[in-house]
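These are my notebook entries on a structure that I went through today. I began with a single residue and then turned to the chains.

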Amino acid sequence: MKKRAILFLAALAIGIGAWAQNPAENASLESGYVRVGEIQSISRNNVGASSFLFPSGDKLVTGLHSSISDEEFLGGLKAVNSLYSQIDYNLVSYGWKGARGFHTLEIGAKVNYGLSVPKEIFQILKTGTAQSPYDLSSLRAFGNVYGEIAYGYSLPLGDNFSVGGRVKLLAGLNSADVLTRRLNLTTTEDQYIIDLDADIDLTNRDKKAGTDDEGYLDYSSFSGKGKLGVPTGGGLAMDLGLVWKPFDGFTLSASVLDIGGILWYYGNAGTSSGSYTFEGLKDLTTEEMEQDKIMAKINEVGQEILAVVKPKAVDGRFKFKALPLNANMNASYEMPFWRNLSVDASGLYTGYSFCAPYWEARGGLSLNFPGIAHLGLSAGGGAYGFVYGAKGSVEFQSFRLYAAYENGIGGVIPYEDIPLKANNNCLLIGLLYLIK
Amino acid sequence: MKRFYILISLPLLWSCANLDYDISNGIDNEFTLFSEEISVPIADIGPLSPKQLLGDTDLGSALGGLFKEDGEGYLVAEKEETICSNPVYLLYLGSLDPTKPMDANIDDFNGNPGASTEGPAGIGLIPAIQDFSLFATNPLTEGMSVSGKLTLSTLPTEVFDKVPVDAGAKDFELFHKTFDGQNIIDAFSLVNMVLHLPASLLEKDPLSGFSSIELGYRYKAQLALGSDFPNTIPIPINDVDLPIGQYRVKDVLLSTEVSNEIPVTLVLESVDVMVKETDDEGNEKTVVSNNVIITPGLTVASGCSGAPVVSPLAIRIKAKEGTLPDIAGLQLNLFVKTPTGEGDKRLNMNQSIRFNNLRATVSGGITFQGL
């Protein structure tokens, strides 16, 4: 029975893959495995398309359409509207049983990108500037590609407790980041003041972005030869986990994943910094009130604004970027009357450096037939509302094919795969070869 | 792998597709921005002076030559008259003994220099600072002198007793007075005026008797506005062709602070918005729009040179119904009133008016088709 429970937990851990990459859960595995080509996609957006598009007759209108009230549009937006996507590709993983514990070695690559836009931008567009001043400093966009080589070790401590850890060597491949440390806009009848302090960073190995005569970055002009795949950053991260079975049939597990980050070297770095006050065109005398002279003055204002907004080239710089931090906790209880059925509860917290954290809590049921199949269903609530998920695996001889899917409610735009509501959408597919 | 992922995920996603959000039916490209209010600083306009605004126009000619601009830019009414002009040769002939000095009497003269300002007074201009001078010319190589009595109606009598005139002086000022804040000099007279001439004056004339000895006066009045202009001044601003109809704007408030050095009070009594209409016969004509309300609320207080007076100004342009039409032109009706307050009220073509911090506040949104 105990073995079955352990096998169940192992299947659960492996079956849901990255949903619970608790390194301690490998401790109870009796034999090794090889995993090839697992792919996981996570997409989280705290607002959906229905916050921007509204049905009107047989057409759609945007939130800026006159038929949409301020409240209707702005009421559906968050203070910071964010979109985050992540694709993890596990090239190969190998796990083997050691003398005391269980070892894993994994090689993979990850891509993540995100965008956050403050509500104030839409508020200005929709209603105007009566609510000044505006703090737009949560404006951010980034994208990272990095490789990961991980070594994990898990160790049983007695019959009911196991711990595990995973050290990950991270090789940054490419990164782009627009970070707005300060972007304030103050509008009065008399003047518009923009106060900006932002960095734009791009790694590209030996390819160097050009600069214009005044030292501003020109990202449309690169010189040199890029070296695809050569690291442009390096880092370390760590996963920690534990599994505790306080009594027969009940298992608690907890893990903290991705503690760490990457120190990127941004060879193409720029900084936009400064303040600009627009008080209207100046000194419009009779001589200056000719169309070409007015246009020249407008152009002059444009150049002055650009001088603040355009990034000025700076020396290449190192920047440390933390990975999104995940904390998971799971509880599972096998039904005494039918040990193949278990009741599950789980909680997840993901902290992002660029937007509000994501969290969820859910409960579920699992059916587990060791060596044959596993099926789990769950539902709950979280930062983006209702969530549900399904996961399963089938086993044939030594192969296990597993998949999991999570989603929220609210639907999508037909044919476009764009969620209408705030949503957490995850998909996992993988294949495991069990070394028996 | 990506295709595989898409193949797997699409059925799951499509199953939740909301047909109300089918973007294949199109997305309306109308955008109404700033639905509550937006204020935008536009410009600081000025300094604008009458001289700049008139450009090459000769103001004196434009106003029938009634007045002109002096070297410092002041609007002035001027008059210069010769009271008497005596050729040296005739004086020589009239002398009893040409070898001795002689005295030449000048007939009594009554003049009216203030008549120069009667024209400007017809449009409300009054003399502010006035200059009156009496001059003599002496072409002789030796000096002469003048004696007599000058009477000005608004001043005490001035008596001359053989005031010397330089030899060969082209223009010698015997008397000069500036009047500030007094009435027009309406009359003056010369009594017992005598030219004291040297002996052998014919020989002392470089032109051998063909020069003339003159006595005359100059009068200059710098002008100020003394009474309100009787009528409003229509100022048409044509060919504006502001295509704002497409933006569906309902209400625009133009605000500024007017800094005025010009010593007149300006009242914008009304502004008519001109729009283009096509009549039944297909003729396009420009007419006053009945659908636009303009609240000028504009009185620019008078200032004076070096001490501008600042007045807030606001003009609201609002559609009675719906939104503002395309604007073809404006018709401003300006009322010019006498200056208020203390200070120099002379009109100078270099006095300036500034429109500081001109800004626009648009309420109710601005609509665009296809951003």
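**Entry 1: a residue of chain A**

Leaving aside its neighbours within four places in sequence, which residues is A:Asn112 in contact with? I looked this up in the model, which is predicted. I found A:Ser85, A:Gln86 and A:Asn144 as the contacts of A:Asn112 once those sequence neighbours are set aside. I placed A:Asn112 in strand β5 of chain A, residues 102–118.

**Entry 2: where chain A meets chain B**

I next looked at the contact between the chains, in which 47 residues of chain A meet 45 residues of chain B. On the chain A side, the elements that each supply at least two residues include β1 (33–45), α3 (119–127), β15 (281–284) and β26 (423–434). By class, I recorded 20 nonpolar, 16 polar and eleven charged residues on this side of chain A.

I followed β15(A) further. β15(A) pairs with strand β2 of chain B, residues 37–48, in the parallel sense and over two bridges. Within β2(B), I identified B:Ala43 as the bridge partner of A:Leu281.

**Entry 3: the overall form of chain B**

I counted five helices and 22 strands in chain B. Its radius of gyration is 36 Å, whereas the globule rule gives 21 Å for 371 residues, so chain B is more spread out than a compact globule. Along the principal axes, I noted a box of roughly 135 × 50 × 45 Å for the C-alpha atoms of chain B. Buried residues account for 28% of the 371 residues in chain B. Of the contacts in chain B with a separation of 6 or more, 85% join residues 24 or more positions apart.

**Entry 4: the two domains of chain B**

I recorded the division of chain B into domain 1 (34–56 + 231–369) and domain 2 (66–225). The centres of these two domains, taken over C-alpha atoms, are 50 Å apart. Their contact takes eleven residues from domain 1 and ten residues from domain 2. By class, the domain 1 side has five nonpolar, three polar and three charged residues.

**Entry 5: a sheet in chain B**

I traced an open sheet of five strands in chain B, in the order β3-β4-β12-β7-β10 and with antiparallel pairing. I marked β3 (68–69) and β10 (172–180) as its edge strands, each pairing on one side only. Inside the sheet, β7 (residues 125–137) and β12 (residues 212–225) of chain B are paired over eleven bridges. One residue of β12(B), B:Leu215, is the bridge partner of B:Ala136.

Which element gives the most to the largest nonpolar core? That core has 48 residues, and B:Ala136, B:Leu223, B:Ala224 and B:Leu347 are among those with the most contacts inside it. I found that β12(B) gives the most, with eight residues. The core draws at least three residues from each of domain 1 and domain 2 of chain B.

I then examined B:Ala224. Its contacts beyond four places in sequence include B:Leu125, B:Ile126, B:Pro263 and B:Leu347. Apart from this core lies another, of twelve residues, including A:Leu170, A:Leu202, A:Ile262 and A:Leu323.

Terms used:
Residues are numbered from 1 along each chain as its sequence is written. Chains are lettered from A and ligands numbered from 1 in the order in which they are written. This is a predicted model: local features need pLDDT of at least 70, side-chain atom pairs count only at pLDDT 80 or more; totals for chains, interfaces and linings use all residues. Two residues are in contact if their C-beta atoms, placed from the backbone, lie within 7 Å. Helices (H or I, at least four residues) and strands (E, at least two) are DSSP runs, numbered from the N terminus. Ala, Val, Leu, Ile, Met, Phe, Trp, Tyr, Cys and Pro count as nonpolar, Asp, Glu, Lys and Arg as charged, and the others, Gly among them, as polar. Two strands pair if DSSP finds at least two bridges between them. Domain bounds come from an automatic or database domain assignment. The radius of gyration is taken over C-alpha atoms; the globule rule is 2.2 Å times the number of residues to the power 0.38. A residue is buried if 20 or more other C-beta atoms lie within 10 Å of its own, exposed if 12 or fewer, and partly exposed in between; C-beta atoms are placed from the backbone. A nonpolar core is a set of buried Ala, Val, Leu, Ile, Met, Phe, Trp, Tyr and Cys residues joined through C-beta atoms within 7 Å.
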